[in-house]
Amino acid sequence: MKHRIVVVGAGFAGLQLVQDLRGLDCQITLIDQRNHHLFQPLLYQVATTLLSTSEIAWPIRRVLRERKEVTTLLSTVEGVDRPAREVVLRGGQRIGYDTLVLATGARHAYFGKDQWEADAPGLKTLEDATTIRRRLLLAFERAELAADETGRQAHLTFAVIGAGPTGVELVGIIAELAHRILPQEFRHIDTRKARVMLIEAGPRILPAFSETQSDYAKSALEGRGVEVHTGTPVTDVSAKGIVLGDQPIAARTVIWAAGVQASRAKDWLGAEADRAGRVMVTPTLTLPDDPQIFVLGDTAHVESDGKPVPGVAPAAKQQGSHAARTIRARLLDRPEPGPFRYRHMGNLATIGRNAAVIEYGSFKLRGWLAWWVWGIAHIYFLIGARSRLMVALSWLWIFLSGQNSARLITQKETLKDG
Ligand SMILES: Cc1cc2nc3c(=O)[nH]c(=O)nc-3n(C[C@H](O)[C@H](O)[C@H](O)COP(=O)(O)OP(=O)(O)OC[C@H]3O[C@@H](n4cnc5c(N)ncnc54)[C@H](O)[C@@H]3O)c2cc1C
């Protein structure tokens with residue numbers, strides 16, 4: 001029987017691993033709870049009407065159609081039976097493995113306030129992105145219908161909690177929508193009066209960047225009409241809005257971009273984990289007590305050059321490649337590669353149209369040039385010529401026309417109208 005490799009998660013780490021195992025004589029089963037691989041770095045563009053869902057996600061089956069040794073299963077893994085060497089799927093079905101790779105990513109963390117999720121959705125999946133897009137667009141529609149000024153202003157107040165790259169990218173585009181794209185289209189409201197708030201409990205926005213880049217991003221956002229609040233935490237979230245410190249703010253649209261928690265892999269494995277729930281792995285990315293179980297990407301805690309590897313796409317892809325090299329070496333009875341070493345690819349974030357910050361060691365770039373470099377880099381990392389062309393054309397159209405193209409409100413809104 002061929003060596004059975006079971007990979008759970010077709011995100012950046014899992015898909016990279018499967019791609020790098022090409023040509024190896026083995027049997028691979030790739031399990032994901034969704035039928036698509038998602039390019040999360042551009043999710044915020046779906047949430048804010050710039051791109052549509054099919055431009056940033058690809059059916060996993062299609063991506064791997066030529067790999068006869070790969071079986072793709074659409075299912076949710078709910079456990080791992082380590083003594084039996086089987087993964088357990090929802091519904092009870094079991095899949096046996098010789099080598100197991102868990103690359104199930106991360107989800108939002110509400111720091112113990114999970115009840116906030118209904119009123120402050122996070123951005124992780126395509127469903128999250130379309131939910132946020134719907135709420136954004138409905139907020140303007142409801143403001144247009146509002147009977148009084150207080151209700152109108154509550155609908156026109158948008159609060160994004162968390163000022164990492166996702167939070168910054170979201171407010172940049174929301175401000176553009178309100179201040180530049182929508183004003184012509186409404187008759188009873190002036191969308192330029194919308195209040196767009198970026199809230200960060202820490203002392204500054206974009207904490208992973210240097211202070212100068214962070215200061216630039218703050219003033220660029222403020223120049224676009226965003227209110228930036230730092231140093232004060234949000235203490236409550238409800239359908240009415242937020243409480244910032246002890247100040248209630250009526251805001252009908254609240255978005256959570258503040259924290260992540262690793263997937264539940266640690267519970268399946270009974271493994272040691274860090275505070276974010278990431279499984280502690282060895283420098284070969286395997287469990288300390290089982291070299292046949294790899295844990296990769298946002299679900300793993302591994303150190304490189306004495307520092308924890310960050311939860312970013314390049315780190316996940318590099319781990320996928322490294323684990324693939326290790327598995328290949330083992331099956332071919334060759335020497336294994338050394339410990340995993342993370343190669344930092346720089347920090348990037350956009351601040352709306354024509355502005356971005358890029359930082360790679362002491363190299364710093366900002367403004368319109370950074371925005372173009374950011375765009376080209378993201379197009380390069382998309383899968384397939386069709387997606388690259390579609391995204392490039394969408395961006396070109398938006399750039400030339402000043403109009404966002406993905407502005408349809410679809411699906412039922414579950415939010416109360418109030
Ligand atoms: C909004 C947003 C913006 C981001 N922007 C950037 C950026 O600009 N640059 C950057 O480098 N990084 C960015 N990141 C982080 C980056 O996307 C992650 O670090 C990366 O996706 C991690 O890859 P992964 O393979 O570990 O997990 P993921 O890519 O999240 O993949 C995990 C996969 O596992 C599947 N899965 C989860 N649980 C189960 C289960 N129980 N059963 C079956 N399947 C399961 C999921 O469906 C998913 O397909 C962003 C993340 C988000 C959410």
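The entries below cover the domains, the ligand shell and a sheet.

Entry 1, domains. I noted at the start that this is a predicted model. I looked up the division of the protein and found two parts: domain 1 (4-33 + 75-108 + 260-331) and domain 2 (114-258). I then checked their separation, and the C-alpha centres of domain 1 and domain 2 are 35 Å apart.

Where does the ligand lie relative to domain 1 and domain 2? Both domains give residues to the shell around the ligand, so it lies between them.

I listed 33 residues around the ligand, and G9, G11, G105, G297 and V312 come nearest. I sorted the shell by residue class and got 16 nonpolar, 13 polar and four charged residues. I also looked up which elements take part: at least two shell residues each come from α1 (12-20), β2 (27-32), α2 (43-47), α6 (165-181) and α9 (313-331).

I turned to an open sheet of three strands, which run in the order β14-β15-β16 with antiparallel pairing. β14 (234-238) and β16 (247-250) are at the edges with a single partner strand each, so one side of each has no neighbour in the sheet. Direction ignored, neighbouring strands here are turned by 20 degrees against each other on average.

How many bridges join β14 and β15? I found four, in the antiparallel sense, with β15 spanning residues 241-244. For V234 I looked up the bridge partner in β15, which is L244.

How values were computed
Residues are numbered from 1 along each chain as its sequence is written. This is a predicted model: local features need pLDDT of at least 70, side-chain atom pairs count only at pLDDT 80 or more; totals for chains, interfaces and linings use all residues. A residue is near a molecule or strand if its C-beta atom, placed from the backbone, lies within 6 Å of it. Ala, Val, Leu, Ile, Met, Phe, Trp, Tyr, Cys and Pro count as nonpolar, Asp, Glu, Lys and Arg as charged, and the others, Gly among them, as polar. Domain bounds come from an automatic or database domain assignment. Two strands pair if DSSP finds at least two bridges between them. Axes are lines fitted to C-alpha atoms, for helices over the stretch in contact, and angles run from 0 to 180 degrees between N-to-C directions.
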